[in-house]
Amino acid sequence: MVLYKLEDFEPNYRDAFEGQDIKGLGVYTQGSDEKIGSVTDVLVDEEGHFRYLVVDLGFWIFGKKVLLPIGRARIDYNVDRVYTIGLTREQAESLPEFNERQTLDYDYEERVRGVYRQPTDYTLPVEASTPVDALAPLDTPTPTPTPTPTYARDNYTYEREPSLFGLNEQENQTLRLYEERLIASKRRQKTGEVSIGKHVETDTARIAIPIEKERVVIERVTPADAGTAVSGREADFREGEVARIEIHEETPDVRKEAFLREEVRVRKVVDQETVETQETVRREELDVNSGNLPIEER
């Protein structure tokens, strides 16, 4: 059986108590209203059931903290008090001191429970000095002695001792009815991703370029003075090359140059929408069985 501090077991435990906190409440003896200390913490089991109140006995025993089983306590939030049931100063002095650094094992709990079991849970032996005739008439049958309960490490459960760990209905008259509510929260999760890249497409581009080409045109014409005699010096009879003309032409020279075509801007936008969900919630209602007795509800 492992015990946990209430806040370690449920950090938001105050929500279940409508904001009220049992820690810090004053602890008083039932009947005499004598303050004996205050609650510093609560210990719960693995299922969250209250098992012990940690009580600082500063008004009785300075500097000593002890465990008070929940069945021996009555919590009254109307006056912010916790009343102990049947706890005496002698028992408080006999209780082992609670140390947060100490392991709460079965042996330690048995030392605590053993103090609370005396004297209410055990049948005390008859004093030897008590006269026999004072116990019962001679013709009265001897009652069967109440067997002393035994507990073992392997089979012990808190339910076996309701006087220590059960909520006594006679001592707890304040009932609280609870209901469940839906608490909306949002959880951000990744639904996917968008990857943006580039690729290159090719196309055939055509461009028209006007070019010039040179060519030689030879024209033969009859001069106007054809048939006129010329001098021998003017008539130059030669063989071989008599003229040279260079021929040129233009050829297209195409090169490529990159230009900015467009910009692509990537950003995220948030779209809001309302999503409705439903869940079954529970609510406690009070059932009163009074027989024929009149009951007034306020």
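Good morning. I begin at the surface, where Glu212, Glu214, Glu246 and Glu250 gather in a patch of negative charge. A patch is made of residues with over 30% relative accessible area and no salt bridge, like charges being joined within 9 Å and nonpolar side chains (Val, Leu, Ile, Met, Phe, Trp, Tyr) within 5 Å. For the charges, Lys and Arg count as positive and Asp and Glu as negative, while His and the chain ends are not counted. The place of a charge is taken as NZ of Lys, CZ of Arg, CG of Asp or CD of Glu.

This is a predicted model, in which local features need pLDDT of at least 70 and side-chain atom pairs count only at pLDDT 80 or more, whereas totals for chains, interfaces and linings use all residues. Residues are numbered from 1 along each chain as its sequence is written, and side-chain values use heavy atoms, with hydrogens and water left out.

With a relative accessible area of 39%, Glu250 is partly exposed. In these terms, buried means under 20% relative accessible area, exposed means over 50%, and partly exposed lies in between (1.4 Å probe, protein chains only). The areas themselves come from the Shrake-Rupley method with a 1.4 Å probe, and for residues only the protein chains shown count as cover.

There is also a nonpolar surface patch of about 460 Å², made by Val194, Ile196, Val264 and Val266. Val194 sits in the segment after α5 and is exposed, at a relative accessible area of 76%.

Let me turn to the chain as a whole. Its secondary structure comes to 5 helices and 7 strands. Here helices (H or I, at least four residues) and strands (E, at least two) are DSSP runs, numbered from the N terminus. Along the sequence the pattern reads β-α-α-β-β-β-β-β-β-α-α-α. What share of the 298 residues counts as buried? The figure is 22%.

Next, the aromatic rings. A pair of aromatic rings is described by the distance of the centres and the angle of the planes. Rings of Phe, Tyr and Trp (its six-membered ring) pair if their centres lie within 6.5 Å; planes under 30 degrees apart count as stacked, over 60 as edge-to-face and the rest as tilted. The whole structure holds 6 aromatic pairs. One of them joins Tyr52 and Phe165 edge-to-face, at 5.3 Å centre to centre and 90° between the planes. This pair links distant parts of the chain, since Tyr52 is in strand β4 (residues 50-56) and Phe165 in helix α5, 113 residues apart. Tyr52 and Phe165 are both buried.

Why is the pair of Tyr106 and Tyr156 called edge-to-face? The ring centres of Tyr106 and Tyr156 are 6.2 Å apart and the planes stand at 70°, so the pair falls in that class. Because Tyr106 lies in helix α4 (residues 106-117) and Tyr156 in the loop between α4 and α5, the pair ties together parts that are 50 residues apart in sequence. Tyr106 and Tyr156 are buried as well. Ring pairs link Tyr52, Tyr106, Tyr156, Tyr158 and Phe165 into a cluster.

I come now to salt bridges. A salt bridge is a side-chain nitrogen of Lys or Arg within 4 Å of a carboxyl oxygen of Asp or Glu, and by this rule the count comes to 20. In one of these, Arg153 meets Asp107, with the closest N and O atoms 2.8 Å apart. Arg153 is in the loop between α4 and α5 and Asp107 in helix α4, 46 residues apart, and the pair links these distant parts of the chain. Arg153 is partly exposed at 48% relative accessibility, and Asp107 is partly exposed at 40%.

Another bridge joins Glu180 and Arg282 (2.7 Å, N to O). Both Glu180 and Arg282 lie in the segment after α5, so the pair ties together parts that are 102 residues apart in sequence. Glu180 is partly exposed at 33%, whereas Arg282 is exposed at 60%.

Finally, a point about the backbone. Most residues other than glycine have a negative phi. Asp33, although not a glycine, has a positive phi of about 55°, and Asp33 lies in the loop between β2 (26-29) and β3 (35-44). Asp80 likewise has a positive phi of about 55°, in the loop between β6 (73-76) and β7 (81-84). Thank you for your attention.
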